[in-house]
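Biologist: Hi! Could you walk me through this model in plain words?

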Amino acid sequence: MKAYLAYLQMSVRLTFRDRTVIFFNLLFPLIFFFMFAQLFHAEQGGVIAQVDASVLSIGILGSGFFGAGMRAVMDREQNILRRFKVAPITAGPIVVSSMVNGLLNYLPVTIVVFALSHFMYGMPVPERWLSILIFISLGVLAFRALGTIIAAVVNSQQESQIIIQLLYFPMLLLSGAAIPMTVFPTWVQLAAQFLPSTHLFAGMQAIIGGRESLLQNSTSVIALLLTTLLGGFIAVKLFRWEKEEKIRNSGKLWVLAVLAPFVLMGIYQSYTRDNVGRAKILERDMRRSRSWLLRGARIFVGDGTVIETGAVLIKNGKIAEIFTGDVPDPKSLKAELVEASGKTLMPGLIDAHIHLGAPGGVFKSQGDYVPAKYVPRELAAYLYSGVTSVKSAGDSLELMLTERAKVKSGEWLGADLFIVGPMFTTEGGHGTEYFKNMPKQAREMAEKQTIRLPKTPAEAGQQVDDLAQKGVDGIKAILEAGQPGILFNRLDTGILNAIGAEAAARKLPLMVHTGDARDVVDALAAGASSIEHGSFRDEIPESVFAAMKAKNASYDPTLTVVEALLAMANGKTDPLDGSLTQQVAPPGLLQSTKAAFQGPEAAKSRERLQALVPNIEIGQRNLVRAWKAGVMLVTGSDSGNMMVIHGPAIHRELQLWVKAGIPPQVALQAATYNAARALKAGDHIGLIRKGYDANLLLVDGNPLQDISATERISFVMFHGEHISRADLFDQD
């Protein structure tokens, strides 16, 4: 032990006398720190945590490869080690002291970097500071161990430089420390999982940002620890005192042996791709932490209030301040400026009735549509269209739960997803017709994911309870029995009442699909939170609207889907010609859909459809009467139905409302604050209010005068991140 301590003490003294070491250990990381901080505008938000992770990772790589590896070779080449050969010391103290010396020299760098981040860039003191110090220490020791192995297996300083560069630069460039990993193709990101530096940087990034603990990075911790122990052992066994002692070329393979833990981790990650998704999440967190100032816009708050000229400050994904008078200088707020004069800022739109499991058109081949592939794209299409939240009404449960989790974590960039379903109906009821022509096994699987067919009130209550435990955001039931020419069995009202009672007990909103005024009455009696479609067959009595208002039930007429049905019945495809629709529709979908509905073989279908199309004028009158009665109005497009393409349809819904006689201000409130309240999310979305999520839509012009201005999208912000709309469909 005396030999260890004596050599370590001497090494530390020599290190602090070496100006080159001081430069590379302390000043060099600080150069990177200020360069990255300036480059990424660290003053504008939590990006400073990313800067710290990058700088400290680069420093650890340099300490290991150059500080330990190159220095040990130089000592041997200059015959410094030969002098210790006759002293009462073995290789062990020299190797261990090199590793510990590197750690003692590097910890002050860590403290200086965190101090600068806190006092200069406002980074909070890390919550998991002990975990950070432990992880950084393991990283330093592991890479110092790698450096000592390189020193042990090379025969000259020139050889050491070659091997160090072959290892250092790939680890530097592919780990994410110097270049964000998310800019690389997926195959490069997977290849990077075989590099120890990737796991070092990812762990530091996650722990410094306060997102994860040391335990959550246990695999990286174990790998770094094994590298330290294995590397130290091999370095001692292969240690050479004099430059004349040579090692065979096969001995250089020991460098690969110490990387074995990371090879195993790379193989595992190539299969699971967990770290690829994790890198996206961490990158998204950084983007959402930035500060923005949107200045000079007309602000539609969401609840009907309008600020003619104002500004909104965004920090860490939330609305931090709303200015109605003089606006502070963006530099004093440490925010990036967006000039919005002549534009209108509003909360992100909400589409409260969609079907993600249907594409809204016909593909050339039925096998071309794979929901697991297209649902994420559809959620991205909503965000592209300025729709930041959607409610899925009866889609495949497991798929929706998966996609909701991906969006919520930040792994996938798409509109926030609220899940209401599967659909409660009855044998032969509306909703079952979509599966009747499927093979038995496929039909049973589809029905299990999308519909519930309770036979008794008790069974209905249990099914609602099961869905609540799955984590759905609401319950959907179907009452509509159709009309002559297309009739369905109607859900028993006793069962509907049981559904409503259990939903209320679980504090889940109940949306009920209705077809006429009678359905609306029964839905309200069962405790419906929202009436979907209302009636296109008869006028809903004033007394029913009064009851709807008294019970605070919302009304969602879905005019867009009826307009699309009318177009199909008349052989027209006008709903597919909108500019936004052209931009977001999957390749080939619009062309194949037009061909399917304009061909001569579709004539018989059109004739049958003409007799079944709902009366849109009745629907429009019911909407206006609901508004005049004070009912809370909510917008839903019923996207996924034929010729109602996911994303842009809510803009058409707003236009149809205004055409029906609804004031633009009322329509916009229905698509923002009202819809948020109907989703039970009005405490954090749907308004431009301090503390709310920064889900914002900036459009050219004034939609309060010309509702079509909502389609002229200038800027979309989602949870504080400025969305690059052009990149939404290029996500891996």
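Predicted model: local features only at pLDDT ≥ 70, side-chain atom pairs only at ≥ 80, totals over all residues.

Biologist: Great. How many helices and strands does the protein chain have?

Modeller: There are 29 helices and 19 strands. Both are DSSP runs numbered from the N terminus, with at least four residues (H or I) for a helix and at least two (E) for a strand.

Biologist: And what box do the C-alpha atoms fill?

Modeller: Roughly 105 × 65 × 50 Å, taken along the principal axes.

Biologist: What percentage of the residues is buried?

Modeller: Of the 732 residues in the protein chain, 58% are buried. Buried means under 20% relative accessible area, exposed means over 50%, and partly exposed is in between (1.4 Å probe, protein chains only).

Biologist: Which residues touch the most other members in the largest nonpolar core?

Modeller: Ile475, Ile499, Met548 and Tyr555, in a core of 100 residues. The largest share of this core, 8 residues, comes from helix H15 (residues 371–384). A nonpolar core is a set of buried Ala, Val, Leu, Ile, Met, Phe, Trp, Tyr and Cys residues joined through side-chain atoms within 4.5 Å.

Biologist: What does Ile475 touch?

Modeller: Leaving aside residues up to four places away in sequence, its partners include Val420, Phe424, Ile499 and Met511. Contact here means heavy atoms within 4.5 Å. Apart from that core lies another, of 75 residues, with Leu61, Ile149, Met171 and Ile207 among them.

Biologist: New topic: how many aromatic pairs are there?

Modeller: A search of the whole structure finds 14. One of them joins Phe33 and Phe34, edge-to-face, at 5.2 Å centre to centre with 80 degrees between the planes. Rings of Phe, Tyr and Trp (its six-membered ring) pair if their centres lie within 6.5 Å; planes under 30 degrees apart are stacked, over 60 edge-to-face and the rest tilted.

Biologist: Is Phe33 buried or exposed?

Modeller: Phe33 is buried, because its relative accessible area is 0%. Phe34 has 34% relative accessibility, so Phe34 counts as partly exposed.

Biologist: Why is the pair of Tyr168 and Phe169 edge-to-face?

Modeller: Because their planes are at 75 degrees, with the ring centres 5.3 Å apart. Tyr168 is buried at 9%, while Phe169 is partly exposed at 39%. Ring pairs also link these two with Phe65, Phe66 and Phe143 into a cluster.

How values were computed:
Residues numbered from 1 in each chain as written. Heavy atoms only, no water.
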